[in-house]
Amino acid sequence: MKKVATRFAPSPTGPLHIGGVRTALFNWLYSKNQNGKFYLRVEDTDKERSKEEYKNQIIKSLKWIGINYDEKEYIQSNKIKDHIKIANELLKNGQAYKCYCSSEEIEEQKKRAKQKKIPYIYDRRWRDKSEADAPKNIQPVIRFKSKIDGTSLLKDLVQGDVEIDNNTIEDFIILRNDGTPTYNLSASVDDHLMNVTHIIRGDDHKINTFKQIQIYQAMKWEIPSFAHIPLIHTIEGKKLSKRDKASTLDDYSKIGIMPDALRNYLLRLGWSYKDKEIFTLDESIKLFNLEGIGKSPSKLDMNRILSMNEHYIKSIDENHLFDQLTEYCKLYKNEIQSDKKDKIKESLIFLKNKAKTLEDIFNNGQYIMVDEVNFNKDDIKLIDDKAKKVISDFNTQLGSVDKLNKETLEPIVNELIKSNDTNFKGVGQPLRIALTGSKFGPGIYDIIISLGKEEVRKRLTSKKIS
RNA sequence: GGUCCCUUCGUCUAUCGGUUAGGACACAUGGUUUUCAUCCAUGAAAGAGGGGUUCGAUUCCCCUAGGGACCGCCA
């Protein structure tokens with residue numbers, strides 16, 4: 001049995017979006033599940049549109065979400081000579097031919113087809129013509145001699161049997177008139193050279209598959225297995241495109257979505273294993289299979305991503321969470337000052353309880369990270385004279401407390417409630433605003449304990465609230 | 001227009017001929033709570049339509065409708 005090898009083959013002509021990441025994930029998981037190899041192949045043969053920055057973004061994205069590829073990434077443009085060699089071989093074997101149609105001529109044919117409302121397909125006019133008829137002033141393209149009669153059957157691992165008439169596949173170009181290879185040629189040759197056994201890709205490639213299979217057959221190569229997965233759709237139900245916002249990994253990471261959460265979400269988008277929702281990395285490798293992939297396209301659901309992230313925030317190890325938070329703040333917010341790190345880490349246990357994203361944790365913990373309280377404009381208005389008295393009373397009482405904990409603080413608060421003839425809110429709210437700048441936030445005891453006595457007293461005597 | 005694919009709660013999905021059609025997210029209500037949350041409980045919510053096949057169809061077949069992908073000397 002041949003060792004399983006899969007690949008992810010994006011073209012660096014735009015930022016990698018979340019649909020591509022899912023394709024990469026499925027390929028990666030399948031290879032891991034089968035104890036095989038997984039390669040990254042950068043299809044950069046479109047010199048006009050390929051950009052180094054996109055290539056880097058792709059590599060960075062895969063790394064971020066934890067997909068590692070075997071060997072160094074393949075750069076398709078390095079292999080162009082191999083592709084051309086195969087084209088010439090096909091030409092020599094009579095399985096491809098030179099076509100001397102000018103691009104104007106082809107355009108004209110397309111236009112005519114459109115007018116008549118019939119599907120355009122190249123009319124194979126050079127398929128059987130002799131070289132002697134070739135016009136001297138035209139550089140020919142090389143076309144593959146596709147099958148004309150009969151049907152072809154694709155035994156797709158996801159879609160089942162798909163059969164089409166061979167005459168719907170035209171004699172496609174494999175070498176342009178500048179001598180460079182086209183996608184279907186390059187992809188087939190590379191997949192063969194890389195010993196790829198399973199091609200898992202979006203079902204927008206299905207027609208290409210019929211072309212590529214013919215190349216394999218013509219070259220007498222072993223045909224790999226194919227699995228065409230349904231595309232991810234936007235809320236509007238259209239194919240996810242590079243223009244859609246919030247579709248690159250960066251868009252998610254900057255709002256504080258964690259890699260594991262997104263990985264888990266993507267795994268369950270179009271794939272399922274019974275009723276199971278949460279998969280550790282190991283579980284996903286162990287359980288992933290092609291049978292579990294659905295046949296219908298699925299839509300992105302931000303609520304789901306958020307709630308998955310929330311789940312991971314609440315369930316992962318706190319050291320790990322802290323590391324991710326630190327990294328997140330460094331990248332997208334302000335770096336956490338080193339003297340605040342311990343406090344943040346200790347407070348994670350309650351900061352994370354109200355967070356769906358790392359950004360939420362950052363916001364919840366802002367009051368610890370800042371040196372000066374930033375008051376919410378509306379909330380500070382709630383500090384009236386009565387509130388000021390509560391704050392000042394509390395500060396006085398605090399003076400005689402050594403250890404800050406719920407047991408020492410609760411009696412003070414209860415006492416203040418009585419002496420000021422109010423309820424808990426009447427005490428808790430002014431204190432919370434004074435200490436954090438907002439009436440929303442963690443429990444008041446958590447806030448006080450996390451800040452420490454000195455800092456609390458400093459904030460309670462701030463000019464802005466007294 | 002042609003070819004191909006798809007169709008279960010709003011969303012992601014389970015079901016592989018017999019179920020009160022299950023779960024998760026979101027939503028609603030109630031409870032806990034010292035604000036906001038969390039948490040817990042409860043609820044509402046689905047087989048596109050029409051024909052077959054069958055004792056019995058969400059499940060198998062056909063048609064219709066709707067949606068999508070592809071139809072480049074892009075990948």
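Guide: Contact means heavy atoms within 4.5 Å. In this predicted model, local features need pLDDT of at least 70 and side-chain atom pairs pLDDT 80 or more, while totals for chains, interfaces and linings use all residues. Residues are numbered from 1 along each chain, chains are lettered from A and ligands numbered from 1, each as written, and side-chain values use heavy atoms without hydrogens or water.

Visitor: What makes the contact between helix 12 and helix 18?

Guide: Helices here are DSSP runs of H or I with at least four residues, strands are runs of E with at least two, and both are numbered from the N terminus. Lys343, Ser347 and Phe350 of helix 12 meet Asp446, Ser450 and Leu451 of helix 18. The contact of helix 12 with helix 18 holds two nonpolar, two polar and two charged residues. Nonpolar covers Ala, Val, Leu, Ile, Met, Phe, Trp, Tyr, Cys and Pro; charged covers Asp, Glu, Lys and Arg; the others, Gly among them, are polar.

Visitor: How do you know how helix 12 is directed relative to helix 18?

Guide: The axes of helix 12 (residues 338-351) and helix 18 come within 10 Å and cross at roughly 165 degrees. Helix 12 is therefore roughly antiparallel to helix 18. Angles run from 0 to 180 degrees between N-to-C directions, with axes fitted to C-alpha atoms over the stretch in contact; under 35 counts as roughly parallel, over 145 as roughly antiparallel, 65 to 115 as roughly perpendicular and the rest as oblique.

Visitor: Why are helix 15 and helix 17 called roughly perpendicular?

Guide: Helix 15 (residues 385-398) packs on helix 17 at about 80 degrees, with their axes 9 Å apart. That angle is why the two, helix 15 and helix 17, are roughly perpendicular to each other. Helix 15 gives Ala387, Val390, Ile391 and Phe394 to the contact, and helix 17 gives Gly426, Val427, Pro430, Leu431 and Ala434. By class, eight of the residues in the contact of helix 15 with helix 17 are nonpolar, one is polar and none is charged.

Visitor: Which hand has the crossing of helix 17 and helix 18?

Guide: The axes of helix 17 and helix 18 come within 10 Å and cross at roughly 35 degrees. Their crossing is left-handed: the near helix is turned anticlockwise from the far one by less than a right angle, whereas clockwise would be right-handed. The contact of helix 17 with helix 18 has eight nonpolar, two polar and one charged residue.
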